[in-house]
Amino acid sequence: MTALFAVIDRLRTGFRITRPPGDGPFPVVVLMHGCGGNKGLQDLYAQVAVDAGWAALVLDSYAPRSISRAAAYATVCTGLRLQGRERAGDLYAALAWLRAQPWVDPDRFVAAGWSHGAWSIMDALASGPDAPRFSKIEGLGPDPLAGLVGAFLVYPWAGVGALTRRRGWVKLVRAQMILGGRDSVSGMYLPRRAAEAARASGADIEVTVFPDATHAFDEEHGVDPRFRFSPERFAEAKALFAAFLKGS
């Protein structure tokens, strides 16, 4: 187990923060990248958030752990390292740090995640009292997700190792899930099952399907031949993101 303050101290080196003009307090969205690491995509969504009046914290989970891009593909993307329930601790730490900042509205947080990042957010919502054990962090307090009001989940992993399908969500928030009809990585069936489990727990979750979209449809410079960038779907996803924040 690692103390929460030590996790915050380590992760702060991977924080990238963008804020609207003024002193705040601002609502804040925490953006969590997929298993391939931070490639700049989340910064584009962060600008959407700022334009909507939100501050944005892009959270790099790999740099503070010295995980290279190659190591991420070999170990994290294959499920050998840093599964969602453990990486959920990064979200707990980010929220704990944000609550202590004078420019932050501590009652209005949204977590946004892509693929592995969305898995991590969903596992955080499903962990409940098991959060310290799963994340290996001590000192989390009774509600490590205090102030979280929404989750924006783009092509989330909900397969092997994911908690939501069998546990539902303990922390109930409004959620938007975006799935691709041609996603050969996360697919649609298991994320939809996870959404049903979250909804059965009492969560307000909307699922939007882009029928022609692959996994990582919003990554313009992806290298995986299974993925196809779609500027039209990317624009739609950003519009959904802006609308979701404005409604949160």
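**Exercise 1. Compare the length of helix α5 with its expected span, and state how much of the helix is buried.**

Solution. Helix α5 has twelve residues and reaches 16 Å from its first C-alpha to its last, close to the 16 Å expected at 1.5 Å a residue. The expected span is 1.5 Å times one less than the number of residues. Helices here are DSSP runs of H or I with at least four residues, strands are runs of E with at least two, and both are numbered from the N terminus. The model is predicted: local features need pLDDT of at least 70 and side-chain atom pairs pLDDT 80 or more, while totals for chains, interfaces and linings use all residues. Residues are numbered from 1 along each chain as its sequence is written, and side-chain values use heavy atoms, with hydrogens and water left out.

Next, take burial. A residue is buried under 20% relative accessible area, exposed over 50% and partly exposed in between, with a 1.4 Å probe and protein chains only. By this rule twelve of the twelve residues of α5 are buried, among them H116, W119 and D123. After the helix comes G128, with a positive phi near 55°.

**Exercise 2. Describe how α4 packs against α5.**

Solution. Axes are lines fitted to C-alpha atoms, for helices over the stretch in contact, and angles run from 0 to 180 degrees between N-to-C directions. Angles under 35 degrees count as roughly parallel, over 145 as roughly antiparallel, 65 to 115 as roughly perpendicular and the rest as oblique. Therefore α4 is roughly perpendicular to α5.

Then list the residues in contact, meaning heavy atoms within 4.5 Å. On α4 they include R87, A88 and L91, and on α5 they include S120, I121 and A124. By class, the contact has six nonpolar, five polar and three charged residues. Here Ala, Val, Leu, Ile, Met, Phe, Trp, Tyr, Cys and Pro are nonpolar, Asp, Glu, Lys and Arg are charged, and the others, Gly among them, are polar.

**Exercise 3. Two non-glycine residues, S66 and Y155, have positive phi. Is each buried or exposed?**

Solution. S66, with phi of about 60°, lies in the loop between β4 and α3; its relative accessible area is 69%, so S66 is exposed. Y155, with phi of about 35°, lies in the loop between β7 and α7; its relative accessible area is 3%, so Y155 is buried.
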